[in-house]
Structure formats: C-alpha cells, structure tokens
Amino acid sequence: MSEPSTSRASRRKSKEDEHALELAETGCWGNEKGEVDDDGSAELSRLPTARSRFGRRRSDGDVSSPILPPSFAESQFQTIVRRQAPHHSGLKRSAIPTRFPNVENDWEFAGWGSSMYLDLNPQDLLDAQRRLDEHRATLGRWRASAGVANDVLGSVFYALPAVAGVAGVFSPLSLFIAGLFLFLWRPLLVELGSAIRLNGGNYTYILNVSNKTLALVAAAATLLDGLITCSVSSATAASYLHHEVVLPFPELVISIIILFAFCGLALLGIRESTGVAFTIVSFHALTMLALLIASWVHWGRIGNAVLDANWRDSLPGSASGIVHAIFNGVCLGLLGLTGFECIPNYIEEIRPEAYAPALRILATASILLNAPVMLAAWAVLPRDALLLESNILSNLAEIVQGRALRIIVACDAMVVLDRVLPNWFLRTMPFTGSPYFAILSVFVLSIIMSAVTGFSLSTLSSAFAFAFLSIMLLFAVSAFLLKFNRNRLLRKSRASLTLVVLALALMIAVLAGNIALSPTSLGYFAAYFAVIALVLITVQNQMALARTFLWLYDMTPLHSWRATSSWGGVLVSWIMRLKRESVICYVRTDEVAQIVNAILYVKRNEGSCGNIKIVHCYDDVNRIPSELEANIKILDEAFPAIQIDLVFVQAPFSPIVVEAVSEKLGIPKGLSFMSAPGHDHLRSVGEYKGLRVISL
C-alpha cells in the first residue's frame with residue numbers, strides 16, 4: 001500500500017529543514033566554498049540545494065508536483081547573511097535625506113549596538129548596599145515638621161495684614177477656613193509620598209507620572225516660590241525692624257541688608273539644620289503663645305468695645321458683600337499656610353511612619369495660631385492700626401504687654417523669617433561647602449524681584465500667593481495623574497478620586513479669586529514664571545537648540561564664508577558632546593511595543609541621549625525571553641540616531657542590583673527608567689532611590 005502523499009511531504013520537509021540547519025552549522029550558507037560575497041549576499045544558484053526563484057523542487061523526482069515553498073531555515077538565509085555582514089563604516093547610516101546638505105552629517109548616526117553580560121560580584125552588591133544605607137531616613141514627626149514649621153507659622157507675620165485688608169472683621173473666619181484646606185490636601189500628599197517617596201516635590205512626582213516638560217513647569221513654580229519667599233521674608237523682617245530701630249536709610253535698604261547678611265552666612269557654610277530649626281520654631285511658638293495669652297487676657301479686661309467698633313466700621317452692607325469678603329479673605333488667607341508645600345522636598349529624610357503625622361502637626365498648628373491671633377488683633381487694635389500698618393503683631397504685643405513683648409516679637413520676626421536661601425539651592429563645594437553661584441544668584445534675583453515691585457510688601461505677598469497656589473494646584477494635578485497614569489504603583493495610602501477632583505476645583509476657584517483681587521500681581525508672577533520656565537526648558541532642550549543653530553548655519557551663506565567656515569564644526573562638536581549621554585531602560589519581557597514605548601519616551605524627554613542600554617535581569621538563563629536579543633537588534637537598526645545595547649544581568653531586579661548596575665555602567669539612577677511595577681512587585685518606587693517610572 002502506498003504511503004499517503006501528506007505523510008511523504010511532511011517527512012521530506014523535515015529532512016530538508018534538517019539539511020538547511022546542517023548547512024547553517026557547517027558554514028555552507030555562502031558560495032560553494034562557504035564564503036559570503038563582498039556585498040554581503042550570496043548567489044542562490046550556488047547553494048547546495050537546487051532552488052528556483054519561487055521555491056524548491058521536490059527531491060523525489062516528481063516534476064509534475066507543484067514547487068514547495070521554502071522551509072523556514074531557507075527563508076531566513078538572506079537575513080542571516082545580511083546580519084552577519086561587517087559594517088564597514090561603523091555607523092547606522094540611513095537612506096533618509098538629511099536637512100543639512102552642506103554639512104557633513106556623520107553626527108546624525110550612532111554606532112551599532114551590542115549585547116553583553118554584566119557580572120556583579122559580591123563586592124559590587126555590598127558596595128551598593130552601603131551606598132543605599134547612607135541615605136536612611138532619620139527624622140521623626142516633630143523634627144520633620146520643624147523643618148518647615150518656621151515657614152508655616154512664620155507666615156503669620158505677612159498673612160495677617162493682607163487678609164485684614166480684604167476680609168475686614170471676617171478675617172479670623174477666613175483664616176480658619178483657609179487652614180482647613182491643609183486637611184483637604186494632606187491625603188493627597190500622603191498618597192503621593194507613599195507611591196513616590198523621593199525628594200523634589202512636584203518636579204519628582206510629575207516626572208514619574210507624566211513627561212519632563214510638565215515636570216520642568218513644576219520645577220519653575222518651585223524655584224519661583226523659593227525666590228519670592230526670600231523677597232517677602234526679607235521685606236517683612238525689614239518692616240518690623242524699621243518700626244523698632246531708627247536708621248538713617250529707608251526700609252528697602254534694610255531689606256537688601258537682610259538679604260546680604262544671610263547671603264554672607266550661607267557663603268560661610270552656615271546652614272539651617274533640623275536641630276536649629278526646632279530651636280527656632282520652639283522660640284517662635286512660645287512667643288506666639290505668650291502673645292496670644294496676653295492678648296486674650298487684655299481683651300477680657302477691656303471688653304468688646306474695640307471689637308464692636310471694628311465690627312460696625314468693617315461690616316459690608318449686604319449678605320453678598322459678607323460672602324465676598326470671606327471668600328477674598330480665604331484667597332489671601334492661604335498665605336498663612338505657605339511652607340506646607342516644602343515638606344515633600346525632603347521626604348527621603350523623614351521616616352515613612354512619621355510623614356503623615358508631620359503633615360497633621362503643621363495643619364493643626366496653622367489653625368490654632370492664625371485665626372485666634374487675628375481675632376485677638378481685631379478685639380484689641382483699632383481698625384486703622386490693622387489696615388494701615390504691616391507690623392500688626394508687634395503693635396499688638398506692645399498694647400497687651402508693653403515694650404518688652406514688642407521687642408521679643410520683633411526679634412522673633414527677624415529669626416523666624418530667615419528663609420532667604422531655600423535649602424534646595426544649597427549644594428556643597430570645597431572649603432566652605434557653599435554653592436557661591438547659586439547663593440549669589442538667589443541674592444541678585446531676590447533684589448531684582450523686589451525692585452521691580454517697588455519693594456511693595458503687599459504686591460510681593462500677592463505674587464507669593466500665586467506661587468504657593470500654583471504649587472498646591474500642581475500637587476492635585478500630580479495626584480490625578482498618579483491615578484490615571486501610574487495607578488499600579490505600590491502605596492499604603494490612597495486618596496479618593498472625588499477628593500482629588502474637589503481639591504483641583506477649589507484651587508482653581510481660589511486662583512481665580514486672587515486674580516480678581518490683584519491682576520497686577522498676576523502679571524509680575526507670570527513674567528517671573530515665564531522667564532524661569534524658559535531657562536529650564538531651554539537647558540533641557542539643548543540638542544534641539546543646537547540642531548536649529550546648525551540648520552540656520554547650513555541654510556545661510558555662513559557655511560561658505562571663510563570667516564565663519566569653522567562655526568559648523570563648533571556646532572557639530574557641541575552636538576556630539578550632548579550625544580554622549582547614556583540612559584538605562586530596564587525591561588522584563590521581549591514585547592516590542594513596550595520596548596519601543598521606552599525608546600520613544602527617551603527620544604521625547606531626553607533629547608540629548610545617544611545611547612540606550614536595555615537591561616534585563618534574570619535568575620535562570622532558560623527564562624530569558626526568547627525574542628529579546630533579536631528584537632533589540634531590529635530596534636537598533638530602526639533608530640539610526642541612537643545606539644541601543646542589550647545588557648544581561650544575572651541577578652533579581654532589586655534596589656541593590658539597580659544601584660550596582662548604575663555604578664558599574666557609570667549612569668546615574670536619575671537616567672535609569674522602568675515601567676510601572678506590577679501588583680506582584682512588593683517594592684515601592686522610593687526604595688530604588690531615583691529610578692524613574694516612565695510607563696503604565
């Protein structure tokens with residue numbers, strides 16, 4: 001009985017596939033001598049197996065049968081030969097036309113990527129563990145809150161005059177409502193801090209839940225908040241000092257002297273520690289407690305006569321006027337909460353269990369201080385003293401307790417308003433450990449900012465309100481994007497989406513109220529913000545800037561003039577320096593879509609990058625994704641401007657391994673990326689100390 005044709009065909013196909021595999025193993029895929037032609041190809045007619053253009057003939061001599069399609073091994077022949085051919089130029093040149101026809105464009109292409117195994121010995125892992133241990137959180141709830149309590153509680157000095165001017169006798173109520181806002185924001189900050197426990201505040205949060213451009217916008221708002229803090233603090237301290245000491249120069253000179261004095265202290269390396277901050281805030285709290293007790297005792301002695309007079313003089317004529325006054329007071333009353341936005345900037349130094357209690361301490365302290373002091377001031381001071389004087393607290397101290405308490409309050413204002421140099425500007429340098437350039441920049445910019453506003457404390461305070469509100473709005477935006485883009489991130493606390501949307505809506509309403517109150521201050525804020533954001537975005541996009549300059553050089557006669565003929569080489573050298581930047585992308589699978597998304601993220605957000613190292617950590621070599629290396633080679637060819645290397649690391653993916661790989665490859669963790677860990681990953685993003693999350 002004859003064998004079925006399907007069985008015979010199947011057996012012949014199997015034999016021919018084995019023959020093709022044998023040819024590949026013995027190096028006979030080329031010509032008859034097993035060689036590949038110079039152009040990287042081989043003539044099909046020379047192959048040991050007779051084939052036609054469309055396929056291969058049957059080997060049983062049955063010429064009447066149709067030609068069978070090539071086997072898989074045979075169909076891969078040309079691809080294998082092309083991949084094994086040497087790359088003579090070393091660059092991944094592309095046939096795509098260049099936009100620089102008059103300039104040598106080798107700089108547009110990167111070299112070919114490679115695959116490698118990175119060995120991590122026990123000493124590498126021990127060193128990595130030691131580096132991670134150097135940054136252990138040590139601050140408890142009280143010391144953590146003391147770090148910004150001077151900001152939160154010290155803001156009473158400049159918030160009270162601003163709120164009294166718009167809310168009148170309803171300013172205590174406005175300050176109380178404003179204080180409740182912190183309890184609304186606290187769950188949002190706790191969730192953000194639990195999911196992304198990294199220093200940097202909004203910049204770090206948005207960098208991990210969105211793109212870098214939006215993160216730079218957040219950074220600009222943070223920088224502006226610090227600069228305006230310098231100006232407002234020095235102006236307020238100068239106002240209190242001006243009313244206590246007779247000096248032969250105006251108040252604005254005192255403000256400059258205060259800025260200069262603290263600039264000099266910073267240049268000498270004298271910086272505020274949490275211990276010093278706790279001492280200062282304790283002094284401030286005791287001073288405010290003494291003032292509050294003395295004021296309420298004095299109020300009990302004199303009765304409600306002053307309060308009744310102030311009530312009659314300040315009461316709006318209608319219910320809508322009352323609501324409007326209270327709302328305006330809330331808008332400016334948030335000035336009394338400034339400093340609360342700073343605590344996420346050093347969250348890594350705070351023990352995880354102490355972060356939420358520290359936020360609660362700050363929110364409670366602001367409510368217990370601002371509204372009661374404001375109420376006591378309206379019960380003791382006449383209306384004109386509240387509306388026309390900026391040193392409300394020292395006037396209140398003198399009336400309720402005499403000159404001694406007034407001097408103490410004035411000294412307290414000078415000490416607690418020492419925030420003229422934000423901590424995030426301070427980076428070490430030899431000798432004094434002080435960053436002279438950053439310090440002098442803050443000093444000069446603060447003076448310019450004050451001078452532009454005519455050293456007006458009210459205008460600076462209004463601009464300060466916009467800076468603070470923009471940061472609080474960005475916290476709500478970060479929380480929303482965290483839920484939308486990175487909801488898989490491990491965290492112990494979650495705020496409801498309703499609460500996040502409510503926070504967004506309220507902050508937009510309060511911003512609108514401040515715009516209506518002081519459109520001029522909005523103009524100052526917008527101008528400062530635009531300049532800072534433009535500088536940051538320009539620095540980030542140096543590659544686009546360099547390419548633009550080179551294109552202008554290439555499109556104009558500059559490239560042909562003898563005097564400017566070298567400019568092209570200078571611009572190309574600039575571009576090549578920028579392209580030396582390398583990044584790391586950790587991948588778990590061989591999914592092309594996931595890897596492509598990572599590469600596109602790098603192209604959009606790290607435009608200067610010229611080398612991407614795809615790192616795969618594995619426990620068992622047999623579990624390495626089968627198509628990973630092949631897919632990386634394809635992608636390396638698909639992106640000619642970026643060299644894409646594949647690095648295998650035989651170790652489980654963990655913070656220690658990430659630290660060791662970063663050190664071994666010489667690439668900072670700030671330029672190391674991963675997709676959001678799945679629910680089976682029991683480590684938070686913060687444990688990796690800087691590794692950036694770039695996808696869902």
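The model contains an open sheet of 6 strands, ordered 1-4-3-2-5-6 with parallel pairing. Strand 1 (115-118) and strand 6 (692-695) stand at the edges with a single partner strand each, so one side of each has no neighbour in the sheet. From one strand to the next, the twist averages 30 degrees. Strands here (E, at least two residues) and helices (H or I, at least four) are DSSP runs numbered from the N terminus, and two strands pair if DSSP finds at least two bridges between them.

A word on conventions. This is a predicted model, in which local features need pLDDT of at least 70 and side-chain atom pairs count only at pLDDT 80 or more, while totals for chains, interfaces and linings use all residues. Residues are numbered from 1 along each chain as its sequence is written, and side-chain values use heavy atoms, leaving out hydrogens and water.

Within the sheet, strand 3 (residues 609-618) and strand 4 (residues 643-650) run parallel and are joined by 8 bridges. Tyr618 stands opposite Gln650 in strand 4.

I turn now to helix 7. Its 25 residues (171-195) reach 37 Å from first C-alpha to last, close to the 36 Å expected at 1.5 Å a residue, that expectation being 1.5 Å times one less than the number of residues. Helix 7 bends by about 35 degrees at Trp185, with Pro187 following within four residues; the bend is the angle between axes fitted to the seven residues ending there and the seven starting there.

Key. Axes fitted to C-alpha atoms, helices over the stretch in contact; angles between N-to-C directions.
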